[in-house]
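Please open the model in your viewer and keep the selection tool at hand.

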Amino acid sequence: MTARPDPLTVEVVDLIGTVVARFHEEYERAAAEHALTGAQARLLRLLAMEPLPMRKLAQCLKCEPSNVTGIVDRLESRGLVERRPDPADRRVKIAVPTAEGQATAERLRTSLDFAREPLGRLTAAERTLLKQLLQRMLGLGDALEVVEQAGEPGDAGE
């Protein structure tokens, strides 16, 4: 039998769910302001970080390669993305943002206001701790030392 999560864990999970829902709503709204779908905006954001092969884009977006082909087709027709041969393997096509695509991705990124105001209410130390806790939850880095230094509620020192 699986143990039931404690009330604090349930509350944290609910809060994370609320943050994720708000982020998705804001992202869809920001994408629409740039005449993009959410999927087009996400793909453009990925490409703004680095050009990627179509198959890798599909993996990152967790969708079928045929879906990525359609998204890239639409972005290409708008002059935001172009396909190029991969220098490492000319049989592979990589998607690359055009200058306008890069600029659109940057405008999209800076138009996401949802988290700025709430995060602005936290001190720099609190934002750093939040970042490190999220990284730790995702297994992206060892934030344990910083968390221990900050002291968690319920520590013996309270």
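Predicted model: local features only at pLDDT ≥ 70, side-chain atom pairs only at ≥ 80, totals over all residues.

Residues are numbered from 1 along each chain as its sequence is written, and side-chain values use heavy atoms, with hydrogens and water left out.

Select α1 (7-33), a helix of 27 residues that reaches 39 Å from its first C-alpha to its last; helices are DSSP runs of H or I, at least four residues, numbered from the N terminus. At its start, a side-chain oxygen of D6 comes to within 3.2 Å of the backbone nitrogen of L8, and just after α1, A35 takes a positive phi of about 55°.

Next, pick out E26, Y27, A30 and A31, the buried residues of α1 (buried means under 20% relative accessible area, exposed over 50%, partly exposed in between, with a 1.4 Å probe and protein chains only). These buried residues pack against α2 (38-49) and α5 (99-110), where contact means heavy atoms within 4.5 Å.

Now show the side chains of R29 and E33, which meet in a salt bridge (2.3 Å, N to O), defined as a side-chain nitrogen of Lys or Arg within 4 Å of a carboxyl oxygen of Asp or Glu. E33 counts as exposed because its relative accessibility is 53%, and E26, R29 and E33 are linked in a network of salt bridges.

Finally, move to E106 and R109, whose closest N and O atoms are 2.8 Å apart in another salt bridge; these residues are separated by about one helical turn because they lie three residues apart in helix α5.

Key:
Helix = DSSP H or I, 4+ residues; strand = E, 2+ residues; numbered from the N terminus. Expected span 1.5 Å × (residues − 1). Polar contact = N/O pair within 3.5 Å; in protein donor to acceptor, adjacent residues only side chain to side chain.
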